[in-house]
Amino acid sequence: MASASGREEQQIGLWRILAFGSVQLPLGMIGLPIAIYLAPLYSGQMQLALQLIGISLILARLSDFITDPIIGIISDRWRPKIGRRRVWLIFGSVTMMAGVYLLFRPSPGIDITYFLAAVALVYLGYTMLLLPYHAWAAELSEDYHVRTRISSVSQAFSIAGLITSTLIPAYVQMQPGMTSADVMSALSVVIITLLPLCAALAFFFVPEPEAPIRKAPFSITKAMKMLGSNRAFLQVTLLVLVATVGEVFRQTITVFFARDVVGVPNIGVIYFLYFLAALLVVPGWVWLAKRIEKHRALALALVIVAATNALMFFVPKGGVYVFTALFILKGACYGAVLMLPHAMIADTTDIDTADTLDRQQGLFYAVTAMVQKMGYAAGSGLPLLLLGSVGYVSAGESRAEPLLALTISYSVIPAVLVLIAAYMAWHYTLTEARHRDIRAEIDARMADASSGERIA
């Protein structure tokens with residue numbers, strides 16, 4: 001297991017970036033099955049009450065607000081010899097595989113306690129893997145543009161996982177008599193097979209920089225003050241929150257809009273094209289970010305997303321091709337909206353490093369994860385409350401007033417929110433030139449401190 005530091009970090013080769021990014025392939029396969037097939041499996045075949053399933057999912061997700069900061073902080077401050085980020089591949093993979101096996105392959109006779117424990121175990125494993133992983137990604141290179149490449153490859157693997165999680169169910173359901181249980185079982189086999197293989201590639205072949213020369217004194221008060229004084233970090237987390245609310249607001253009611261307003265016969269095929277477009281266009285966003293800076297590329301992607309949202313207002317009944325074209329155009333921006341904020345957060349952590357000579361990326365990404373989950377919660381709940389207030393019938397609606405509310409909720413409201421996020425991205429203050437100055441300051445301070453003893 002190699003270590004890397006200094007200039008070696010900046011020269012990480014493409015094959016190592018690919019090995020590192022591969023971890024996202026099995027992780028990318030988990031979210032969609034939970035969203036689509038979990039409720040039919042546990043309510044329809046395991047005979048659990050739908051309300052109890054919903055409450056359990058909320059409780060399990062709320063537990064992340066406890067585990068996220070704990071794991072983020074521990075991954076910053078615990079320094080085992082095999083690597084403070086790398087070690088979590090072991091803990092996270094074992095936890096995730098156990099959780100996926102229990103959640104995706106339930107036996108007859110299980111109760112709601114089993115379901116809650118299995119969901120919580122999957123979410124815990126996901127946090128144990130992904131938070132240290134994002135922190136490690138930020139440390140793999142000091143270079144402004146290499147960080148974008150690392151983030152783009154990771155997101156490409158994640159999107160490939162999403163595509164795989166649509167293709168496997170499609171294949172399984174082609175067989176006569178297949179159920180949600182068969183779909184989940186097939187997915188579990190692939191995930192449990194891929195996860196240790198991909199984790200092993202990153203564990204053995206991707207360098208982890210040595211622990212920083214200093215360990216900054218830690219307290220919750222100091223941590224909050226440090227994050228609060230980091231203007232660039234506040235900017236990017238706020239735009240992530242607003243953009244997440246806007247996009248999840250739309251995603252939550254996509255099936256309703258496609259069915260009742262447009263008359264789409266098969267949204268699954270359109271989603272496949274959406275993710276395929278996202279995967280194919282990722283290299284283009286990397287190229288653009290290198291030429292106009294990542295925050296401006298993100299702003300452009302968000303403007304395009306906002307425009308496609310707004311244009312959905314005018315899609316007529318039966319306008320399936322227009323809807324599909326707009327959906328694919330939006331998909332082409334999906335990778336940028338995912339990868340560029342992660343690369344920008346990596347840059348904001350250098351502001352803290354310049355001050356402390358410590359690297360506390362785990363804390364930064366823990367707070368970002370919590371902000372994103374707040375956005376998911378708001379974005380998924382608000383449109384349902386709005387539609388419920390106008391009497392929308394989720395089983396199928398044809399009345400004019402509820403359909404107008406649905407159209408506004410799907411197009412106008414997300415467009416406004418995403419456009420606000422685009423404005424924030426365009427006025428982001430941590431430019432490439434500013435980041436270069438911060439890295440020069442870190443290098444100078446590191447050279448002065450290099451003769452001192454490393455704090456264990």
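Modeller: In this predicted model, helix axes are lines fitted to C-alpha atoms over the stretch in contact, and angles run from 0 to 180 degrees between N-to-C directions.

Biologist: At what angle do helix 10 and helix 21 pack?

Modeller: Two packed helices are described by the angle between their axes and the distance between the axes. For helix 10 and helix 21 (residues 432-449), the axes are 10 Å apart. The angle is about 110 degrees.

Biologist: Which word describes how helix 10 and helix 21 lie to each other?

Modeller: Angles of 65 to 115 degrees count as roughly perpendicular. The pair packs at about 110 degrees. Helix 10 and helix 21 are therefore roughly perpendicular.

Biologist: How many residues in the contact of helix 10 with helix 21 are charged?

Modeller: Helix 10 brings Tyr 144, His 145 and Arg 147, and these meet Glu 432, His 435 and Arg 439 of helix 21. The contact has 1 nonpolar and 2 polar residues. The number of charged residues is 3.

Biologist: Is helix 5 parallel or oblique to helix 8?

Modeller: Helix 5 (residues 38-45) and helix 8 (residues 87-104) have axes 11 Å apart and an angle of about 45 degrees. Because of that angle, the word for helix 5 against helix 8 is oblique.

Biologist: How many residues in the contact of helix 5 with helix 8 are nonpolar?

Modeller: Leu 38, Leu 41 and Tyr 42 come from helix 5, and Leu 102, Leu 103 and Phe 104 from helix 8. The contact has no polar and no charged residues. The nonpolar count is 6.

Biologist: How much space lies in the largest cavity?

Modeller: The structure holds 1 cavity of 30 Å³ or more. The space in the largest cavity is about 120 Å³.

Biologist: Which helix gives the most to the lining of the largest cavity?

Modeller: The lining has 14 residues, and those closest to the centre of the cavity are His 134, Ala 137, Ser 151, His 342 and Tyr 365. Helix 9 (112-139), helix 10 (144-172) and helix 18 (334-356) each give two or more residues to the lining. With 5 residues, the one that gives the most is helix 10.

Biologist: How many residues of the lining of the largest cavity are charged?

Modeller: The lining includes 8 nonpolar residues and 5 polar ones. The charged count is 1.

Biologist: What is the radius of gyration of the chain?

Modeller: The chain has 21 helices and 2 strands, and its C-alpha atoms fill a box of roughly 75 × 50 × 40 Å along the principal axes. A compact globule with 456 residues would have a radius of gyration near 23 Å. The chain agrees with that, at 22 Å.

Key:
Residues are numbered from 1 along each chain as its sequence is written. This is a predicted model: local features need pLDDT of at least 70, side-chain atom pairs count only at pLDDT 80 or more; totals for chains, interfaces and linings use all residues. Side-chain values use heavy atoms; hydrogens and water are left out. Helices (H or I, at least four residues) and strands (E, at least two) are DSSP runs, numbered from the N terminus. Angles under 35 degrees count as roughly parallel, over 145 as roughly antiparallel, 65 to 115 as roughly perpendicular and the rest as oblique. Contact means heavy atoms within 4.5 Å. Ala, Val, Leu, Ile, Met, Phe, Trp, Tyr, Cys and Pro count as nonpolar, Asp, Glu, Lys and Arg as charged, and the others, Gly among them, as polar. On a 1 Å grid over the protein atoms alone, a cavity is a set of points where a 1.4 Å probe fits but cannot get out, and a pocket is an open set with protein on both sides within 12 Å along at least five of seven lines; lining residues have an atom within 4 Å of a point. Grid points are joined across faces, edges and corners, and a volume is the space filled by probe spheres set on the points. The radius of gyration is taken over C-alpha atoms; the globule rule is 2.2 Å times the number of residues to the power 0.38.
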